[in-house]
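Subject: Handover of a structure and findings

Dear colleague,

Please find below the structure that I am handing over to you.

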Amino acid sequence: RRWSPRAGAIMAERLVLPTSQRASQPPDPEMLAALIDFGFGEEESTAALVATGNRNVDVAIERIIAVRDNPSLAAAPEPAPQPAGVPCEIRVRLADGKNVSGSFTSVQDLAAVHAWVATQESAVTFTLVVPGPPSVRRDFGGAGEPLSLTLQEANLVPNGQLIVQDPARVVAAAAAASAAQDADRIKSSFNNQARDEAQLKMTEERAKKAREQKRLDKLAQDKAKLALAEDKITRKYQTVVRKVKTLEAEELAAAVADIEAFLKANPGGCDQLRTIREELLAASTGAAAAPAAAPAPAPAAGGAAAAGAAAAGPCQIRVRLDGGQQVVHSLPSTDTVQELHAWVEPQHGSADFSLLIPGPPSIRREFGGAGEPLSTTLVAAGLVPNGSVTVQALAKKDKVSTAPEGAEFVPRMQGVARGGMMGGRGMGPPGMAMGMGMGMQGMPGMPGMPGMGG
């Protein structure tokens with residue numbers, strides 16, 4: 001490397017150590033051997049290691065080169081002493097809120113700052129406080145830390161902030177806060193009864209609201225139940241009104257009594273039900289008064305025969321047997337369901353069955369078994385002038401039929417494609433699927449038969 005005289009001087013001054021430190025640090029043997037191996041002399045290598053404090057070989061080499069370029073640096077003079085302390089700026093907020101700033105050095109103590117603040121503050125007795133949270137807050141003077149600490153020890157270098165605090169004002173503020181707290185405590189003790197009364201009143205109001213909500217919920221439930229009951233009985237007797245001309249006076253009177261009992265139990269019944277009651281009551285009154293009327297003149301022989309034939313005219317009844325076949329049978333309108341049951345018995349193979357009038361629950365009726373008696377007339381059963389019944393074997397009642405052994409279920413859409421309409425009747429030649437609820441594939445060779453899911 002090539003060094004200028006000025007660069008060598010600067011480098012030598014930077015690498016040199018104080019005399020006291022050089023005297024106590026002999027040259028490192030390993031570093032000295034390394035410098036000698038590099039071709040440097042032992043004397044100049046020793047001087048360089050001592051001057052640089054055995055930092056490392058590179059620093060020693062730089063020192064040797066700097067001294068070779070400027071031999072006058074070999075003496076390595078002691079560095080110039082630094083001025084005592086470093087300047088720092090202290091900002092102080094006085095008790096009246098005014099801010100002042102002063103310049104000090106790091107070696108000065110807090111007593112010097114306190115004396116300077118005394119010339120700015122009107123309070124005779126005060127302390128200096130480092131503001132901040134409790135973890136960093138410090139109090140100097142009075143009962144706090146001593147004022148003999150330097151600004152360096154107080155962590156106020158290179159700048160810091162202090163607050164003037166008057167102990168008398170602090171004591172007065174603490175006393176006022178304590179007095180206010182005691183007053184609040186006393187006031188709170190006097191208000192205990194009022195607070196308890198307010199809490200009791202609030203609890204009662206909540207309980208009252210809960211009871212009212214419960215009452216409203218029950219009213220809504222009762223209203224919904226009444227609406228369902230009204231709809232059911234209205235549908236039932238709408239069918240009776242349509243057949244009012246075929247019913248006897250006793251049956252009409254029973255229907256009127258049933259409606260009146262419902263309206264008595266539920267005074268808020270719908271107007272439609274009251275209208276039905278009036279219609280049935282009028283029909284019942286007319287049917288009862290008809291036999292008591294004056295007898296009409298006896299008709300001619302031909303006329304009497306025609307009237308008798310009209311009164312006993314036949315009615316057409318379509319019967320769906322248990323196997324799915326449908327037959328039609330004619331009976332006099334004066335017969336009972338028992339005659340129809342007796343006619344179906346040979347075709348069914350036994351008397352263990354009942355006759356169903358199909359339809360929704362409001363008009364669905366069952367005769368025989370646990371249903372209505374078979375002695376009911378065809379007129380009362382609503383089968384005049386024509387009607388339809390279904391044969392239901394009592395052994396199969398309330399039971400679910402199982403699929404034939406070997407049958408398998410197929411997806412819904414495939415069931416539609418293979419078995420026709422879902423739940424419908426199997427159609428087509430043997431081997432096609434039966435129309436069950438999900439579509440069931442039949443065994444090969446199985447003839448079409450009624451759907452079991454419909």
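Two strands are treated as paired if DSSP finds at least two bridges between them. With that criterion in place, the bridge partner of Leu-128 in strand E5 is Val-164. Please bear in mind throughout that this is a predicted model.

**The sheet containing E5**

Strand E3 (residues 127–130) and strand E5 (residues 159–165) run antiparallel and are joined by 3 bridges. Strand E4 (residues 138–140) is also joined to E3 by 3 bridges, and these two strands run antiparallel. Here Val-130 has Arg-138 of E4 as its bridge partner.

Pro-87 has Thr-105 of E2 as its bridge partner. The hairpin of E1 and E2 has 5 residues between the strands, and within the hairpin Gly-97 adopts a positive phi near 95°. Strand E2 (residues 99–105) has two contrasting faces: Val-100, Gly-102 and Phe-104 form the covered one, whereas Asn-99, Ser-101, Ser-103 and Thr-105 form the uncovered one.

**The sheet containing E10**

A further open sheet of 5 strands has the order E7-E6-E10-E8-E9, again with mixed pairing. Its edge strands are E7 (326–332) and E9 (365–367), each of which pairs on one side only. From one strand to the next, the twist averages 30°.

Within this sheet, strand E6 (residues 314–320) and strand E10 (residues 386–393) pair in the parallel sense over 5 bridges. Val-319 has Val-389 of E10 as its bridge partner. Helix H12 (residues 337–348) lies across E6, E7, E8 (353–357), E9 and E10, and runs at about 120° to E8.

**Helix pairs**

Two packed helices are described by the angle between their axes and the distance between the axes. Two such pairs are set out below.

Helix H8 (residues 192–242) and helix H9 (residues 249–265) pack at an angle of about 170°, and their axes are 12 Å apart. Angles over 145 degrees count as roughly antiparallel, and H8 is therefore roughly antiparallel to H9. The crossing of H8 and H9 is left-handed. On the H8 side, the contact is made by Leu-226, Ala-229, Glu-230, Ile-233, Lys-236 and Tyr-237, and on the H9 side by Ala-255, Asp-258, Ile-259 and Phe-262. By class, the residues of this contact comprise 7 nonpolar, no polar and 3 charged.

The loop between H8 and H9 contains Glu-248. Glu-248 counts as partly exposed because its relative accessibility is 46%. Glu-248 and Ala-380 are 132 residues apart along the chain, yet 7.7 Å separates their C-alpha atoms.

Helix H3 (residues 29–37) and helix H4 (residues 42–52) pack at an angle of about 135°, with axes 9 Å apart. H3 and H4 are therefore oblique to each other. The crossing of H3 and H4 is right-handed. The contact involves Met-31, Leu-32, Leu-35 and Ile-36 of H3, together with Glu-42, Ser-45, Thr-46 and Leu-49 of H4. Sorted by class, the contact of H3 with H4 has 5 nonpolar, 2 polar and 1 charged residues.

Yours sincerely

Technical notes:
Residues numbered from 1 in each chain as written. Predicted model: local features only at pLDDT ≥ 70, side-chain atom pairs only at ≥ 80, totals over all residues. Heavy atoms only, no water. Axes fitted to C-alpha atoms, helices over the stretch in contact; angles between N-to-C directions. Helix = DSSP H or I, 4+ residues; strand = E, 2+ residues; numbered from the N terminus. Parallel < 35°, antiparallel > 145°, perpendicular 65-115°, else oblique. Left-handed = near helix turned anticlockwise from the far one by under 90°. Contact = heavy atoms within 4.5 Å. Nonpolar A, V, L, I, M, F, W, Y, C, P; charged D, E, K, R; others polar. Buried < 20%, exposed > 50% of the residue type's maximum accessible area, 1.4 Å probe, protein only.
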